[in-house]
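Here is a short report for a reader new to this structure. Chain contacts come before the build of a single chain.

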Amino acid sequence: MQGLLAWVPLLPLIGFLILVAIPLFHRSEPPQKFVACIGVGSVGLAALLTMIVAFTLFWKTPSELVNISLWQWMLVDNLQVGFNFHIDWLTIVMLLIITGVGFLIHLYSVGYMRDDMDFRRYFAYLNLFVCAMLILVLADNLVLLYLGWEGVGLCSYLLIGFWYKEPANGTAAQKAFIVTRIGDTAMAIGLFLLFYEFSTLNIQQLISVIDGQEVNTEIITLACLLLLGGAVGKSAQLPLQTWLPDAMAGPTPVSALIHAATMVTAGVYLIARMHPLYMLSEVAMNAVAFVGATTLLISGFSAIAQSDIKRVLAYSTISQIGYMFLALGVGAWSGAIFHLMTHAFFKALLFLSAGSVILSLHHEQNIFSMGGLYRKIPLTFICFTIGCACLAALPFTSGFYSKDHILLSAWEYHQGVNILWLAGILGALVTGVYSFRLLFLVFLGKEGTASTHCKDANTPVMSIPLCILAALALFGGLLAPPLQAVFGVRPDEDHSAWIEGVAIAMPLIGLAIAWRLFLHEQKSGEQRSPLMQFWFSGWGFDWLYGHLLVRPFKYLSQINHNDIIDSLYKGTAAVSRQMNALLSASQNGQVRWYLTSFAVGSILFLALLVAL
Amino acid sequence: MTLLAIIIILFTGGIIAWLSERYFKAGGRWISLITLLLTAMLLTNYFTFIHSTGVGTAEPWWDSLQISWIPRFGIDFHLAIDGLSFLMLALTLAMGIFGVLMTWNDISFRRGFFYFNYLWTLAGVVGVFTAIDLFLFFFFWEVMLIPMLFLIAVWGYEQRIYAAIKFFIFTQASSLLMLIAIVGLVYIHYTNTGQLTFNYNALLNARLPPGIAYWLMLGFFVAFIVKLPALPFHTWLPDAHTQAPTAGSILLAAILLKTGAYGLLRFNLPLFPESSIEFAPVAMTIGAISIIYGAMLAFAQRDMKRLVAYSSVSHMGFVLLGLYALDTIAIQGAVMQMIAHGLSTAALFALVGALQHRLHTRDMQQLGGLWGRLPKLSAIALFFAVASLGLPGLGNFVAEFTVLVGSFRTNHWMTALAAIGLIGAALYALLMMQKVFFGKLNKRLEKPIREHEATDLNIRESCALLTLAALLVFIGLHPQPIFNIAEQTVQRSTTKIEAVLNIQKFSPEKISSQTHPTRLEHTSIEDTTP
Amino acid sequence: MSAQELFGILPLLILSAGIVILLLQVSFWRGHLGALATTTITLVLAMTSCFWVAGSLSGATSSIQVTGLLQVDYTALFFCLILLLTAFAISIMGYNYLRLRCDPKGISGSYPEEYYILLLLAMLGACTLIFSSHFATFFLGLELISLSLYPMLGFSLTGDLSPKREKLQSLESAIKYLILSALSTALGLFGIALIYSASGALDFVGIASRITELSQTSTLFATGVTLLLISIAFKLSLVPFHIWTPDVYQGAPTPTTALIATVGKGAVIGFLLRFFNILDLYSSQVLLDMLSIAAIASMLVGNLLALMQTNIKRLLAYSSIGHIGYLIVAFIIGKSTFGTEAVIYYLVAYIITTLGSFAVIGLVADSVEEKVLKGEYPESPLSDVQNPYQRAFYRGLLWRSPWLAGCFAAMLLSLAGIPLTIGFIGKFYVFTAGVEGQMWVLLAGVVIGSALGLFYYLRLLLTMVQRDNVPDINNTGAVQIATSGQLLLLILTTALLVFGIFPQILINWINAL
Amino acid sequence: MPIETAPGLEAGIMLSSILFCLGLAGLMMRRNVIFMLMCVEICTNAAALMFVVAGAHWGNVDGQVMFVFVVTLAAAEVAIALALVLQFYHRKHTVDIDQLNELRG
């Protein structure tokens with residue numbers, strides 16, 4: 001039965017292959033319906049399969065591990081890497097999110113992309129992405145995980161640059177790929193280090209090895225930090241967060257699937273997966289927590305200053321993943337995953353709603369030219385509101401449960417008031433501000449310039465996923481994933497009520513601030529105070545990296561584009577030519593000069609005779 | 001005999017192709033295709049050996065042929081094949097066929113002579129990969145250069161003479177050093193044993209004084225890394241690649257560069273284990289720097305072919321790094337890289353050639369936005385671009401990963417440095433995609449496209465390229481057969497080196513700078529498959 | 001002088017007889033073909049006699065001492081054979097050259113037959129030089145070569161159909177060579193006189209026995225040998241005594257150039273081997289150092305000079321300077337049998353290749369000359385493209401005359417030392433010799449020289465394969481060369497390839513000595 | 001073997017060396033081809049003198065035989081040389097060696 005899970009990544013792959021291979025057999029583009037059937041159907045089947053398996057597994061003893069060996073991938077010396085899947089509840093939760101949310105987004109895409117020329121290419125990429133993401137979470141070893149890891153990166157690149165005719169999109173795609181690759185490289189080095197130290201890259205074996213023996217904490221710390229590098233890159237955390245806002249250049253459903261629900265949370269998954277390793281290293285844990293805390297604040301503030309609807313959501317994604325990292329850093333593994341799940345629901349919902357808005361406004365994304373849309377697109381408005389509520393963690397939404405869990409864990413971790421907890425709380429406030437600012441600016445208030453042309457673009461294929469996601473976002477908090485088998489059970493502690501109170505109060509305060517500041521704000525998005533400008537630019541990270549890394553690199557490679565080493569050989573050739581000219585001058589055709597040279601040569605030889 | 005037959009068929013095929021020019025204008029390509037298919041069929045004779053190779057078999061060669069050639073010097077016409085040779089031969093012939101198919105209509109000037117040179121290059125390369133008499137090896141090493149020289153000089157682009165001469169002088173001058181080293185090795189062996197022979201098997205046991213051995217090793221090393229090419233001897237490559245006709249670039253990239261790597265593995269490591277150990281840190285540094293430097297220069301290029309050429313420098317740096325890590329995993333990775341790089345870069349050159357053929361430019365400033373007009377070509381280019389940036393699941397990743405994993409065990413810092421090359425690879429590969437295929441259609445291209453000169457890939461080209469793509473995917477997902485075939489050869493190199501290392505361990509004054517902390521024994525856990 | 005002694009010098013006798021017969025023949029009956037026939041028959045007979053004599057040398061008598069002056073042994077006979085073969089080839093080249101330039105029916109009536117007499121005389125000198133075991137015969141042989149070379153260099157002067165420019169150049173080369181060669185002869189003589197005054201003997205064996213009694217470092221003796229060496233270095237055009245080479249090569253009629261480049265050098269090398277061996281000069285480190293320095297200088301200077309040269313004859317002259325430098329590397333360990341073998345092999349390679357290259361150049365120039373005579377071609381070339389001695393003329397030759405160009409390409413590759421050609425085996429010998437003698441500096445010189453050499457050989461080679469401004473398919477630009485010339489080229493190229501791929505054949509012959 | 005080291009040998013060597021150098025110097029300095037030929041003759045004769053001196057020193061006739069040889073060959077050389085000089089004059093109307101420099105480079 002569990003063997004069927006091997007089909008889960010395979011189905012989208014088959015979908016991808018069919019979609020890609022069509023031009024080989026067919027001259028013209030196939031009809032959209034066919035493409036949609038393949039693209040959506042494959043993921044739908046995968047989702048169905050996952051649910052069935054999950055359902056059957058749910059009734060078994062939770063500790064049961066399942067391994068699926070497909071084939072031996074690499075076996076060289078003591079490097080043994082299998083193409084094997086490892087399935088536990090963490091995997092299943094991830095599978096459910098990926099296939100479930102993925103299916104809904106696929107479905108939504110059918111409507112969203114209906115007018116696009118490259119309909120088939122879009123679904124091909126999307127299917128490939130799902131496949132890679134599934135492999136990432138199914139992998140039983142780090143190499144296979146890395147395969148999925150890079151695979152999703154590639155799909156992310158392709159989909160960000162999907163509308164390739166606009167050079168800016170290409171630039172954004174490149175940026176995304178290269179920035180994540182920097183993280184990936186760190187992660188790769190981490191893998192080398194782990195293999196060097198433990199002679200295996202199988203996750204379960206690694207865990208059992210470090211369980212049994214005294215291990216060198218420094219090595220573990222280093223390895224954890226390197227893996228964190230990978231996670232930071234993929235999950236757009238400090239200091240590699242800069243790519244995500246630009247990644248919004250892709251189609252909106254892509255942002256929903258890749259840059260909100262699934263791929264960007266891969267870092268969280270990685271750390272959760274490797275948690276026994278992290279638990280051995282205090283330094284690494286703190287690093288994770290601080291990365292999360294800083295990121296959630298920085299990007300939260302950035303979100304307040306944005307004017308593009310998708311960029312707001314992008315910064316909020318970074319911020320929410322920051323929460324997850326915070327959770328990981330304080331050892332709240334299941335909290336992190338829980339937040340991952342709820343975030344997947346409500347952020348997908350938000351993005352898809354935003355997509356509806358954008359489509360309805362004919363690809364207008366500036367929130368300052370929106371406003372008062374609640375009447376024109378009510379369904380979207382409702383969904384967006386639900387999403388915002390969850391994002392801001394208003395009580396009894398799914399976001400509330402998961403975020404509360406995290407904040408409590410942060411509190412517990414240091415047994416009282418601490419910087420992590422404060423960051424979390426402040427973050428909750430900021431979240432409230434920017435999420436409702438967005439809601440107010442887009443849907444309430446006066447009509448903007450673009451709102452007048454608004455025409456509800458929702459078709460049933462778009463509405464249905466929106467509704468389902470809205471339901472999930474509202475009630476997902478009840479679906480706490482059964483992760484005790486993976487992360488162990490943590491004793492519940494009683495908390496004083498005021499902590500809970502603060503957690504509940506913060507979003508509401510945020511709501512109030514947003515109400516006060518933004519409901520009737522003048523539509524003057526262009527003029528910002530210096531602070532806002534600073535936040536708008538994402539705290540100047542792009543500028544910093546541009547001057548620190550990109551420009552010097554480009555400059556260096558440009559000045560050397562003729563290859564300085566070649567001039568060495570060119571110089572040799574020039575010297576040879578010079579000597580040729582010099583010697584040729586000696587062949588001047590004058591007999592007496594020749595005689596002289598003969599005489600001088602003789603004298604030289606005789607001198608040699610004396611000298612030697 | 002099969003080996004000899006392969007070489008002879010290639011040589012005669014070349015001559016027939018030349019002669020046929022007078023009677024059929026297009027005869028050459030059919031004859032070369034048939035010749036290559038025939039040799040490929042002959043090579044399949046050796047399939048039976050693939051499964052029967054076990055490590056530690058007394059007889060290392062699958063098949064060998066020894067005919068006395070110049071008894072005055074103990075030189076034999078001695079061919080032999082083992083796993084490594086087999087892989088290289090398979091790559092050679094496959095790429096040969098690929099090259100013919102991809103450039104089916106490219107050549108209009110003296111086709112017969114073109115295919116003569118083409119087949120003779122291949123014959124020379126086959127000789128290089130199978131010769132185990134050092135003199136014969138050197139002989140073939142040189143023989144393959146001359147037809148290549150003609151390929152570049154006659155059918156190349158604007159600066160072909162310059163490029164051809166540069167290519168030839170670099171390789172030839174360095175190979176003279178190798179000749180000195182070969183003669184020196186034989187001479188020392190001769191003075192020690194009184195046996196004058198160029199036989200590889202015999203010379204493996206030559207006892208060399210350490211100082212001299214180091215110099216001899218350097219002689220070989222320089223010749224091989226010029227061919228590889230690694231810093232600082234790489235500068236012939238961009239010129240040769242850029243100016244060579246497409247088929248020539250394919251041969252150069254896919255096969256000729258591999259002869260350098262092959263030589264390092266076949267000759268340098270087993271013949272001079274002590275010196276290799278001593279030299280390994282330097283070689284690894286060269287490898288790592290080549291990786292970074294090549295990537296950086298690839299990024300700086302405007303000419304698409306130069307970009308791919310510099311990317312070759314970068315990729316072959318991995319081979320050097322892997323080989324001199326002196327570690328089984330890394331060496332296996334290097335072998336894998338030879339094959340994967342051969343496939344991916346050959347395809348990239350073929351694609352650039354296809355573009356050049358259609359649009360008459362390789363300058364990336366004059367290209368752009370081709371995806372909309374040439375979707376198949378662009379999609380395939382995308383595939384090979386990501387292959388060359390080392391996307392997991394494709395052959396290059398397996399190679400680079402194993403190289404890095406293995407070399408990390410011997411030299412952390414160089415490996416970490418080399419790993420940065422992975423970022424560089426992403427930079428140039430994506431830059432190429434962006435400048436050529438994405439973005440708006442370049443205005444300069446509107447004319448050729450409108451006039452239907454620029455058509456998308458046809459069936460023949462698509463099939464050839466997709467076959468390579470499929471191969472890359474196959475070795476990316478299931479590289480084990482290749483690892484198994486190469487295993488025996490790699491083992492032979494590493495056992496010699498390990499033996500030396502073990503000796504050095506017992507003499508404390510000779511401990512090398514590398515440290516080998518005790519590693520945990522590999523524990524195997526049975527997978528529970530439901 | 002016993003019968004055996006007379007038998008031993010049979011090749012010399014046959015050559016002399018041939019000369020006399022030819023002289024008589026010419027004075028009674030002028031005829032170009034007749035003269036050629038007599039010459040070739042003489043050469044063939046002389047070659048046969050070489051085998052004959054060699055056959056009798058088996059067993060106890062490995063050499064025949066002919067009075068005190070000449071010594072006949074296997075090595076000398078082999079050299080003799082090679083040089084006679086060369087002369088054969090040169091006589092064919094000469095025929096093609098003279099055929100177009102001498103017109104006995106013309107106004108002034110220029111006759112070509114003397115050329116063959118001079119050729120045979122030069123061969124007599126060369127063989128004498130090789131057989132010599134006494135300074136008198138050495139001097140005689142050397143001067144015979146030189147004296148017959150002077151008129152041969154200036155032979156264009158007699159051809160009344162030769163272009164004016166060619167005549168002037170020929171004259172210039174003759175006078176230049178004469179003056180310089182006379183000086184070098186004088187210097188060599190002075191050296192011999194010094195040796196004589198130091199040792200009191202003029203035959204090599206005698207000197208060898210005396211100098212062991214004398215102190216090894218006798219200044220007089222050493223100076224004498226050095227001066228003699230300078231004279232020989234001049235003949236071999238070793239740096240710094242190379243400076244005459246390009247001018248003389250360029251100006252001379254091409255067959256003469258071939259003669260001076262092959263026989264002129266081969267005979268001297270043959271003598272030098274014997275001289276060094278008998279006198280055991282290999283034990284003198286000073287001399288070897290001197291030779292090494294000259295060799296390195298030759299390899300570098302020769303190749304550097306050739307680098308940008310556009311005149312092909314000058315280019316080959318410079319390259320021959322380099323090649324003699326390589327040869328000296330092998331020569332330095334010439335004491336061992338291997339060294340001798342290496343020298344001989346390299347020399348054979350050098351002779352075949354040089355002969356072939358000059359044959360190509362000469363025949364191509366002849367074909368142009370033929371067109372000039374027919375009025376199809378301007379007599380004084382306006383541009384380099386029309387001048388058959390310039391590189392530009394060879395542009396695209398492979399497409400116009402594939403076989404001719406193929407032969408020339410093989411020659412060039414051999415000169416560059418690329419496998420499949422005899423030049424490679426020769427270079428291999430040089431490397432082996434260098435390694436055996438552990439002469440790393442010299443080897444470095446060889447490598448650098450070869451790398452430099454590659455540049456200009458390849459440039460010439462690649463000029464021939466250039467595809468721009470290739471005339472149409474209907475072979476309008478084809479170079480038509482005479483049938484005898486084609487045959488000669490074919491034989492030379494075959495030898496070059498056969499000995500390059502199966503060197504054992506030639507090695508066996510050399511080792512049968 | 002010399003019976004005794006005759007005092008004349010060194011003197012003879014000196015004399016012939018000086019002669020040789022004189023010839024060489026003249027060769028380098030004169031531009032007239034005829035004079036140059038004469039200078040070559042001086043050099044050759046210096047060597048020939050050396051033979052005679054050495055022959056006298058060792059008391060055997062080899063040196064004198066060589067002298068005859070040398071003189072003969074010098075004569076032959078000059079005969080050819082003069083023929084060439086004649087041609088030179090015929091064509092260039094000068095015997096200045098410096099006019100002979102077409103071949104170079």
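The contact between chain B and chain C takes 25 residues from chain B and 22 residues from chain C. Two residues are in contact if their C-beta atoms, placed from the backbone, lie within 7 Å. On the chain B side, α6 (134-143), α7 (145-155) and α8 (160-193) each supply at least two residues. α8(B) gives the most, with 14 residues. Helices (H or I, at least four residues) and strands (E, at least two) are DSSP runs, numbered from the N terminus.

This is a predicted model: local features need pLDDT of at least 70, side-chain atom pairs count only at pLDDT 80 or more, and totals for chains, interfaces and linings use all residues. Residues are numbered from 1 along each chain as its sequence is written, while chains are lettered from A and ligands numbered from 1 in the order in which they are written.

Chain A also touches chain B: 51 residues of chain A meet 51 residues of chain B. The largest share of the chain A side, 14 residues, comes from α6(A).

Chain B has 21 helices and 2 strands. Its C-alpha trace spans about 75 × 55 × 55 Å along the principal axes. Of the contacts in chain B with a separation of 6 or more, 82% join residues 24 or more positions apart.
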